[in-house]
Amino acid sequence: MGKTLAEKLWDGHVVRQAVGEPDLLFIDMHLVHEVTSPQAFDGLRVAGRPVHRPDLTLATEDHNTPTDYTLPLLGTESIKDEVSRTQIETLRRNCDEFGVRLYPMGNDNQGIVHVIGPQLGITQPGMTIVCGDSHTSTHGAFGALAFGIGTSQVEHVLATQTLPMDRPKTMAVTVDGELPDGVTPKDVILAVIAKTGTGGGQGYMVEYRGSVFENMSMEGRMTVCNMSIEWGARAGMIAPDQTTFDYLEGRDHAPKGAEWDDAVAYWTSLRTDPDAEFDAEVVLDAAAIAPFVTWGTNPGQGAPLAATVPDPADCEDDSDRVAAEKALQYMGLTAGTPLRDIKVDTVFVGSCTNGRIEDLRAAAQIMDGRKVADGVRVLVVPGSMLVRQQAEQEGLDAIFTAAGAEWRQAGCSMCLGMNPDQLAPGERSASTSNRNFEGRQGKGGRTHLVSPLVAAATAIRGTLSSPADLEA
Amino acid sequence: MDAFTTHTGTAVPLKRSNVDTDQIIPAVYLKRVTRTGFEDGLFSAWRSNEPDFVLNQSRYDGASILVAGPDFGTGSSREHAVWALLDYGFKVVISPRFADIFRGNSLKAGLLTVQLPEKIVQRLWDDIDEDAALEVTVDVVERNVRWRGEVHDFDLDNYTRWRLMEGLDDIGLTLRHTDAIAAYEHNRKPWLPKVNV
């Protein structure tokens, strides 16, 4: 029997296999940020262990960084929150002491860890990539095995460049057909999560297959793979193809010359064999997917924008009903309200899910020549400094500011509000990020997850909207 | 990590599903660079906003086993969620289903996560409701949970069980295989990226 892509990636990285023990996997790249690493470096220090492969370890600052400073930036004085500043300074000290390359705030290569890896050509097909961050699944868009780990595992990878792991099962998510106009990769993944529930992918490495993903840009594929964790999947991936190779060619760390040809030949073999079998399969029809928004407090609580807030009484399962009731109470919503009537205070365009150049272009295209609705605050936060520079070269920043949006520096920002970009209690946002958990964007804040197109249209109308609503 | 063989204590019923790690510990508590002292962040939003929240009820004081609904620990990979539970005094979390990253983190840090079927969890909730002082035993050696005549087996692979019972450090175990790691490194594809300082 043939192998799935996930199995090929796994088998290609087994350092050691023994009956009754987890496989020992080699890690090709370890991405590090300030939040989940301090205790790991501390562990190394206490045990007197070095970083085994500093050349396969890359750090950046993203979660705590403010987004309202001006360049050039030399120190950390723009970080007003003392605890945030300590965390950033600790990362700098640790990288210095252990010889790890760091892209700090203000550096051209700084940005959200999952945006900079692909951008620098560090994320390549066939690799294993880990980071102390659950959205590491993003890198699976290149046909890599990429997953989030906890701090104990961060320490383990720093010390050994390996991880002991049991092999998860495999699942295929197939979406064939044509997506209707205005339906984006974000809508596709929100629809997948609404179908499977937040736990549907638990224990699986998921491969997204079918014409919808084949026709998607690399950035769209990253959006999809990014949110794999939101339905519990250990990893999400898409087989590399010409789109992948075109994206990578010429990037800083991409192979060059004869090595490029060797690499492409190898990458082309990274496909699920025709006779391979998945442990589970999910199928969606592309034509049935519409612009999607969430109404509740987990990413599985979503519905097409044209729908109404669901009635918890309609839930078949008791625990789903209780969860829906609790979610509506937290969100301050009443069953039966059209989703389009929900008024927002804030729109956030950014994050590792939708903070890339195509996302900013999509939002700018809608906001071009229009004005943000009265009383709505709009934050546009590029995923990296390079995305920011590119957007400025294309004049997107001018479009955003002319519309009345704020144009910010790069970072995780309001996706999780570890920096000052937060919702106030009771405030409601339309957010292109990945989690609508209670308090995620600030204590008491209410989050609706949306695509960049819906975010931009919502900014203009002030209520949850799609671009089609602007023409009506 | 301390060795874990068996634990007996009282339990708290957390009758919620999809308890994500942002609820277990909000991001604002993740800014610390130490490994201890996270107990104040545990369920901080629920503890401060809901007077009836289970951890605000004195009858559960001193409990060391958390009994939660399905899909516990979803979302962010923050191991701080495990540390917060441990620092607060929990030794065991029981749920019908855990998110993978949370479960991996917990078993590495010495917090035992036990999966029991939903109807057994419901029965345990009912019994705790009746008697908050109910003693529950979680046994890694026998791989079962016991209370008041009830005995329910749970799955725990042999390797993890052995590691827990011996209190072994994963890194130390892996460093026994440096030869295998070196051999693998020797054969990696030549084009793979490196980020030398």
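I'll start with strand β3 of chain B, residues 65-68, which is covered on both faces: B:Ile65 and B:Val67 on one side, and B:Leu66 and B:Ala68 on the other, are all buried. Buried here means under 20% relative accessible area, with exposed over 50% and partly exposed in between, using a 1.4 Å probe and protein chains only. In a regular strand the side chains alternate between the two faces of the sheet. Strands are DSSP runs of E with at least two residues, helices are runs of H or I with at least four, and both are numbered from the N terminus.

Before going on, the conventions. This is a predicted model, in which local features need pLDDT of at least 70 and side-chain atom pairs count only at pLDDT 80 or more, while totals for chains, interfaces and linings use all residues. Residues are numbered from 1 along each chain as its sequence is written, chains are lettered from A and ligands numbered from 1 in the order in which they are written, and side-chain values use heavy atoms, with hydrogens and water left out.

Back to the sheet. Strand β2 of chain B, residues 11-14, pairs with β3(B) in the parallel sense over four bridges; two strands pair if DSSP finds at least two bridges between them. Opposite B:Val67 in β3(B) stands B:Pro13. β3(B) also pairs with strand β4 of chain B, residues 92-95, again parallel, over three bridges. There, B:Leu66 has B:Val93 in β4(B) as its bridge partner.

Next, the interface. Chain B puts 56 residues in contact with 78 residues of chain A, contact being heavy atoms within 4.5 Å. The buried area is about 5,600 Å², and carbon and sulfur atoms give 57% of that. That area is the accessible area, 1.4 Å probe, that two parts lose on being put together, summed over both. B:Lys31, B:Trp191 and B:Val195 supply 15% of what chain B buries against chain A, more than any other three residues.

How many salt bridges cross the interface of chain B and chain A? The rule finds six, the rule being a side-chain nitrogen of Lys or Arg within 4 Å of a carboxyl oxygen of Asp or Glu. One salt bridge is A:Asp28 with B:Arg188, where the closest N and O atoms are 2.8 Å apart. The side of chain B that touches chain A divides into 21 nonpolar, 15 polar and 20 charged residues. Nonpolar covers Ala, Val, Leu, Ile, Met, Phe, Trp, Tyr, Cys and Pro; charged covers Asp, Glu, Lys and Arg; the others, Gly among them, are polar.

A:Arg53 sits in the loop between α2 (38-47) and β4 (57-60) of chain A. Because its relative accessibility is 14%, A:Arg53 counts as buried. Beyond its neighbours within four places in sequence, A:Arg53 is in contact with A:Phe26, A:Gln161, B:Glu185, B:Arg188 and B:Lys194. Its side chain makes a polar contact of 3.0 Å with that of B:Glu185. A polar contact is a pair of N or O atoms within 3.5 Å; within protein, one must be able to donate a hydrogen and the other to accept it, and residues adjacent in sequence count only if both atoms are side-chain atoms.

Last, A:Asn354, in helix α12 of chain A, residues 351-354. At 1% relative accessibility, A:Asn354 is buried. Its side chain makes polar contacts with the side chains of A:Lys186 at 2.9 Å and A:Thr223 at 3.5 Å.
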